[in-house]
Amino acid sequence: SLKDRNLHGVRLVISDAHAGLKAAIRRVFQGAAWQRCRVHAMRNLLAVAKHQHRLMIAALIRTIFAQPDPQGARTQLRAVVDQLEPVAPAVAAKLEAAEHDLLAYAAFPKAHWSKIWSNNPIERLNRELKRRTDVVQIFPNAESVIRLVGALLVEVNDEIISSGRRYIAAGSLATITTDQEESIASLPAAPRT
């Protein structure tokens, strides 16, 4: 329905690893890269780790995202995999298999990385919308829901525009050069499951 409403030019989709989402992204947004949400990935990785190793594993994985450039992130991911193999082989295998999914953000401008390696901002917005609509509890019709949610989204948009800390400033989008577009195009699309 997003594409039917004229959404186009999608270069990156950020989500958890839900198979249905990945298939829809691959089918509807052909050519768009897919970034696995690092927060969801961390939860999935820690779920297969022994309890006593979870803090150490989480700290190691966070070092991947602290790297200053794409090559550094790839190198660090491989180093973390090597460190985890003797202690948590299941985590190491899953992390290694998720390399492309977790590092898709690195093909974009560095200024955007912290905004696009997770889908937490949209989840935060969804929680706020849910909180505000739960207060009403019963809406008389669909139009009243649309009016409330629309007003809330306009309010959020106005806050983003007027804030000194924009989510992604329009000017920073101009930093996506032809080379970066080629780099983005070379990323693997959502994997087939």
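Helices here are DSSP runs of H or I with at least four residues, strands are runs of E with at least two, and both are numbered from the N terminus. By that rule, Leu84 belongs to helix α4, and I shall return to this residue below.

Good morning, colleagues. The structure is a predicted model, in which local features need pLDDT of at least 70 and side-chain atom pairs count only at pLDDT 80 or more, whereas totals for chains, interfaces and linings use all residues. Residues are numbered from 1 along each chain as its sequence is written, and side-chain values use heavy atoms, with hydrogens and water left out.

Let me begin with the chain as a whole. It has eleven helices and two strands, and from the N terminus the order of elements is β-α-β-α-α-α-α-α-α-α-α-α-α. Of its 193 residues, 33% are buried, where buried means under 20% relative accessible area, exposed means over 50%, and partly exposed lies in between, with a 1.4 Å probe and protein chains only. The exposed surface comes to about 11900 Å², of which carbon and sulfur atoms supply 56%; these areas come from the Shrake-Rupley method with a 1.4 Å probe, and for residues only the protein chains shown count as cover. A contact means heavy atoms within 4.5 Å. Among contacts between residues at least 6 apart in sequence, 59% join residues at least 24 apart.

I turn now to the helix pairs. Axes are lines fitted to C-alpha atoms, for helices over the stretch in contact, and angles run from 0 to 180 degrees between N-to-C directions. Helix α2, residues 38–47, packs on helix α3, residues 54–64, at an angle of about 145°, and their axes are 10 Å apart. The crossing of α2 and α3 is right-handed; a crossing is right-handed if the near helix is turned clockwise from the far one by less than a right angle, and left-handed if anticlockwise. From α2, the residues Met42, Leu45, Leu46 and Ala47 meet Arg54, Ile57, Ala58, Ile61 and Arg62 of α3. This contact holds seven nonpolar, no polar and two charged residues. In this classification, Ala, Val, Leu, Ile, Met, Phe, Trp, Tyr, Cys and Pro are nonpolar, Asp, Glu, Lys and Arg are charged, and the others, Gly among them, are polar.

The next pair is α3 with α4, residues 70–84, at an angle of about 160° and with axes 8 Å apart. The two helices are therefore roughly antiparallel; the classes are roughly parallel under 35 degrees, roughly antiparallel over 145, roughly perpendicular from 65 to 115, and oblique for the rest. Here too we find a right-handed crossing. On the α3 side, Met56, Ile57, Leu60, Ile61, Thr63 and Ile64 take part, meeting Ala73, Gln76, Leu77, Val80, Gln83 and Leu84 of α4. By class, nine of the residues are nonpolar, three are polar and none is charged.

Is Leu84 itself buried or exposed? Leu84 is buried, at 0% relative accessibility. Leaving out residues up to four places away in sequence, Leu84 touches Met56, Ile57 and Leu60, and also Pro89, Val91, Ala92 and Leu95. Its C-alpha atom is 9.6 Å from that of Met56, a residue 28 places away along the chain.

Leu125, Leu129, Arg132, Thr133 and Val136 of α8 meet Leu148, Val149, Leu152, Leu153, Glu155 and Val156 of α9. The contact comprises eight nonpolar, one polar and two charged residues.

Within this pair, Thr133 lies in α8, which spans residues 120–136. Thr133 is buried, with a relative accessible area of 16%. Beyond neighbours within four places in sequence, Thr133 contacts Phe139, Leu148 and Val149.

Finally, a word on the backbone. Most residues other than glycine have a negative phi. Which value does phi of Gln137 take? Phi of Gln137 is near 70°, a positive value in a residue other than glycine. Gln137 sits in the loop between α8 and α9 and is exposed, with a relative accessible area of 66%. Asn6 likewise has a positive phi, near 80°. Asn6 is found in the segment before β1, and with a relative accessible area of 55% it is exposed.
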